[in-house]
Amino acid sequence: MEENFKTERKKTWVDKMLDRIEYAGNKLPDPITLFVILAGLVLVLSWILSMFGVSAVQPGTDNVIQVKNLLSQEGLILIVTQMVSTFTGFAPLGLVVVTMIGIGLAEQTGLISAVMKKLVMSAPTKLIVPFVIFAGLVGNIAADAAFIILPPIAAMIFMSLGRNPLAGLIITYAAVAGGFSANIIINSIDVLLLGITESAAQIADPDYKGRATMNYYFLIVSTFLIVVIGTWVAKKFTEPRFGKFEGKIEKLEPATDLEKRGLKWASIVAFVYAIIIAMTVIPSNGLLRDPETGGFLDSPFMSGIVPIMLFFFLLPGLAYGIAAKEVKNDKDVAEKIFKSIADLAPFIVLAFAASQMIAFFNWSNIGAILAIKGAELLQALNFTGLPLMIGFVLMCAFINLLIASASAKWALLAPIFVPMFFYLGYSPAITQMAYRVGDSITNPITPMLAYFAILLSFAKRYDKNIGIGTLISALLPFSVFFAIGWILLFAIWFLLGLPLGPGDYIYLK
């Protein structure tokens, strides 16, 4: 840690264990180098495993998935010809750049600082941690954009209070990543997983129809559970571990007349923008509703949430800058946006290396085969009842360390487990819920999640020497206690036979 972050308390055995994890993790190479090394290992493994004919049968079909040798002529041609498109098609890259155009302008004009100042001066300090955790959970309605928007805002809030900004960054990232299966609002991930679950269930029952709300009751309760657990972990481990912030703190002085004027006009613009967006989604025939069904969850609004949020930050940021006299002409606007994008240079280079490694992993079929073999192993153990479900949760948590995409994993696992559990009398809703719990609890600590690299980029703003080990050691307590709490809740829910959502139960009716 830099000298700005001091910890003076006596270390417990947990602290010492996390110190060892941090030390070992920080011995890893620079993330860019690490991704290059991993890419090389995938290439070599694809060659070795293909020689031994390693394969697996794709669930629900007779298709045999074999390891592809990427060091063959075919593999090398694929790598060379797809390298540029692999990079430009790397989903987090466009998401980050587009989002940061809006957030960057809002930050450079001073809007975000002014809003944070107002929030911090009006909110009870003791509620800051549960506030940012709850915001992280609910923020998942914005899908992956929450990873970009919320952690840096939380870091600013913590710094303004004289608390360690890294703690705010870690706490919020853990909430966004680990809480992907907890929310009070049905969102796009519910719809996405439903499509896969329904298709898998129709292997056993061709007439099966699912609902996006099949896990809604469990998700609501999980939201408040994760807020409580996350707040406790933050108080017990995260903030004490990073210690007191003794660097330069921006004092929370009362807002100046120009800041008040800027906030007033930014609020007006944001309100008008929100009204316009609402008019496109609230009416059943709204412009951003699904043109065919009139639905909301699968609407252009949900799929276009990133550009919508871009203008949600860009327009109020521009209004604030003009009103507060931070922006005098179009050149000022361009300069401020350029500066915010320039800060993304380390991430862009990292994204190139990460995109190639992840593509190699997918093209080689190593990840898919690992997932299928792991599922077959669990199936062979012949667990029943609650042990079966908990075993499935833990298996999904492990696979999540290898394949971060929730939809990709579920597309592989659902055709095996949904029909299998269906024949045992369990509804697809409980199988999907078990998967979602397992998928969420290791999200904070898997470097395979593309946004882990973004977290590292954010963290380096406050500590240029921070490494992967520091982040993983800080996030590990969240994963551990999220796992304990969530599995206990799942077990209680299962044993009591409570409904998972409107019209969806644990057992088939």
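**Figure 1. Salt bridges of the predicted model.** The structure holds 3 salt bridges, a salt bridge being a side-chain nitrogen of Lys or Arg within 4 Å of a carboxyl oxygen of Asp or Glu. This is a predicted model, in which local features need pLDDT of at least 70, side-chain atom pairs count only at pLDDT 80 or more, and totals for chains, interfaces and linings use all residues. Residues are numbered from 1 along each chain as its sequence is written, and side-chain values use heavy atoms, leaving out hydrogens and water.

**Figure 2. The salt bridge of Glu-239 with Arg-163.** The N to O distance is 2.6 Å. Glu-239 belongs to helix 10 (residues 216-242), whereas Arg-163 sits in the loop between helix 7 (145-160) and helix 8 (165-178), so that distant parts of the chain, 76 residues apart, are linked. Helices are DSSP runs (H or I, at least four residues), numbered from the N terminus.

**Figure 3. The salt bridge of Asp-190 with Arg-436.** The closest N and O atoms are 2.7 Å apart. The pair joins helix 9 (residues 188-201), which holds Asp-190, to helix 19 (residues 428-441), which holds Arg-436; the two residues are 246 residues apart.

**Figure 4. Packing of helix 20 and helix 21.** Helix 20 (residues 450-459) and helix 21 (residues 468-496) pack at about 105°, and their axes are 10 Å apart. The axes are lines fitted to C-alpha atoms over the stretch in contact, and angles run from 0 to 180 degrees between N-to-C directions. The two helices are therefore roughly perpendicular, a term for angles of 65 to 115 degrees.

Terms used
Angles under 35 degrees count as roughly parallel, over 145 as roughly antiparallel, 65 to 115 as roughly perpendicular and the rest as oblique.
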